[in-house]
Amino acid sequence: MNEITITLPDDLHLHFRDDDMLGETVPATARCFGRAIVMPNTVPPVRNAAEAQRYKERILAARPAGSNFEPLMTLYLTDRTTAADIAEAAKAGIKAVKLYPAGATTNSDAAVTNIDALGPVLEALEANNMLLLVHGEVTDAHIDIFDREKEFIDQRLGPITQRYPNLKLVFEHITTKDAADFVLSAGANIAATITPQHLLLNRNDLLVGGVRPHNFCLPVLKRNTHQQALREVVATGSNKFFLGTDSAPHEQSKKENACGCAGCYSAWAALELYTQIFDDLGALDKLEGFASFHGADFYGIPRNKGSVTLIKESWTLPESITLPNGRPIIPFMAGSEVEWKIKSINN
Ligand code: NCD
Ligand code: ZN
C-alpha cells in the first residue's frame, strides 16, 4: 500500500510547555492531530481547574489561523490535591489527572511523594468518571533504572487497580513486555499509550557508539526484546493501546549537556513515523484504530470527523529547528529519512 487515509488522529500524551514555546509546539501538533492530552508538568505545574483554564487559553491563542485543534487539559497531582479539586475539575470538563511519582521525570519535583495517601483523590476520580494517567516508574534509589517500570507494576499498579476496580487508568508511555502483558490481562478500564521512540528504538540506540542524548527519554529505552514486544502488541490491533507521542521539547543546550534532560521532541514527524512502523509490521490496517479510535473510545469522547491521507514518499527531517526565542532544538530523528509523508488533511 502506498497511500492510506485515516480518521483524524489524537495525540493522547504530549508536552507543549508554555509561553513563547507554544508558538513552536502547538502548530507542530495541530498540523495533523485533532486533539491532544496536554501534560501538566509545566513550571509551575497545572494544579487546579482555574490554572488549567488559563493554560488552555494560552494554547488556543497559539493555534495557527483557522485551526480547529482542541487541547484536552489535565491536572498535576500533588500531595495537596483534594477530592474537591477533582470534583471542580470534572465540572470544568477536565477529563484526566496525571500522577507523577515525585522525582520520576522532568518537572516532577512537586508531585506525589506518598501514593498510599491518594485514596480520597482516587475515589473522587472514580466517582467523577475521570481518568488517572500514570507515569509508571518507582523512584527508589536502589532500584535499577531499567527495572523501574516493572517494579512500579508490582508495587503500585497491581494494588491500585485491585483497590479501585472501576477507575479508568492509562499506563503512559509503556516501555516493557511486562507493562504490555499487565495491560492485556487487566480489565477494560486499563489502557496504555506507546510512543514512537519506544517502537522504533531500543537501548542500543541510546548507548552504542557513544551517548545519543536526543534518544534519551523517560522511561528510558529498554532492551530490544521489550521493543519487539511493544511492536507485536500494536500489530495485534488490541484496543487497549493507543497513540501518545510524549513529544517533550528541550532546547539543544539542555539535551547536549553534562546532565541532559529527558524527552524527545517528536511532533514534527510522529504521525509519519507511526505510519512507517505499522507499515514495517505489515499492519497498516491497524494504524487507524491505534491513532484515531482506541484513545477517543477509552476517553469517552467522540471520534474526530476529519481525515488525514499519508503517502509513501520519503523526506528528510531537519537537523535543527529554531525556537521562537531564537535558540535551537533538535527534533527526534533529526536528519533521518522518513518513509511516509502527509499528503492532505480534510478537517
Ligand atoms: C517528559 C518531559 O520532558 O516533560 N520527558 C520524558 O522523557 N518523557 C516527562 C515525561 O513524560 O516523563
Ligand atoms: Zn510525557
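Asp246 is buried in this predicted model, with a relative accessible area of 6%. Buried means under 20% relative accessible area, exposed over 50%, and partly exposed in between, with a 1.4 Å probe and protein chains only. The model is predicted, and local features need pLDDT of at least 70, side-chain atom pairs count only at pLDDT 80 or more, and totals for chains, interfaces and linings use all residues. Residues are numbered from 1 along each chain as its sequence is written, chains are lettered from A and ligands numbered from 1 in the order in which they are written, and side-chain values use heavy atoms, with hydrogens and water left out.

His13 lies in strand E2 (residues 10–14), and Asp246 lies in the loop between strand E9 (241–243) and helix H10 (252–255), so the pair ties together parts that are 233 residues apart in sequence. Helices (H or I, at least four residues) and strands (E, at least two) are DSSP runs, numbered from the N terminus. His13 is also buried, with a relative accessible area of 1%.

Strands E2 and E9 belong to an open sheet. Its 8 strands have the order E2-E3-E4-E5-E6-E7-E8-E9, and the pairing is parallel. Two strands pair if DSSP finds at least two bridges between them. E2 and E9 are the edge strands, and each pairs on one side only. From one strand to the next, the twist averages 30°. Strand E5 (residues 96–99) pairs with strand E6 (residues 131–134) over 4 bridges, in the parallel sense. Here Leu99 has Val134 in E6 as its bridge partner.

Strand E8 (residues 190–194) is mostly covered, with 5 of its 5 residues buried. In a regular strand the side chains alternate between the two faces of the sheet. Both faces of E8 are covered: Ile190, Ala192 and Ile194 are buried on one side, Ala191 and Thr193 on the other. Strand E7 (residues 168–171) runs parallel to E8 and is joined to it by 3 bridges. Phe171 has Ala192 in E8 as its bridge partner. From E7 the chain crosses through helix H6 (residues 177–185) to E8, and this β-α-β crossover is right-handed. That term applies if, with the strands pointing away from the viewer, the path from the first strand over the helix to the second runs clockwise. E8 and E9 also run parallel, joined by 3 bridges. The bridge partner of Ile194 in E9 is Leu243.

Another open sheet has 3 strands in the order E1-E10-E13, with antiparallel pairing. Strand E1 (3–7) and strand E13 (337–346) stand at the edges with a single partner strand each, so one side of each is left without a neighbour in the sheet. Neighbouring strands of this sheet are turned by 35° against each other on average, direction ignored. Strand E10 (residues 307–316) and E13 run antiparallel and are joined by 8 bridges. Lys312 stands opposite Trp340 in E13. Ser307, in strand E10, is buried, with a relative accessible area of 18%. Residues touched by Ser307 include Thr5, Ile6, Ser344 and Ile345, not counting residues up to four places away in sequence. Contact means heavy atoms within 4.5 Å.

Helix H11 (residues 270–280) lies across E1, E10 and E13, and runs at about 115° to E13. Axes are lines fitted to C-alpha atoms, for helices over the stretch in contact, and angles run from 0 to 180 degrees between N-to-C directions. Of the 11 residues of H11, 10 are buried, so the helix is largely enclosed by the rest of the structure. Among them are Leu271, Tyr274 and Phe278. Gly282, with a positive phi near 65°, follows H11.
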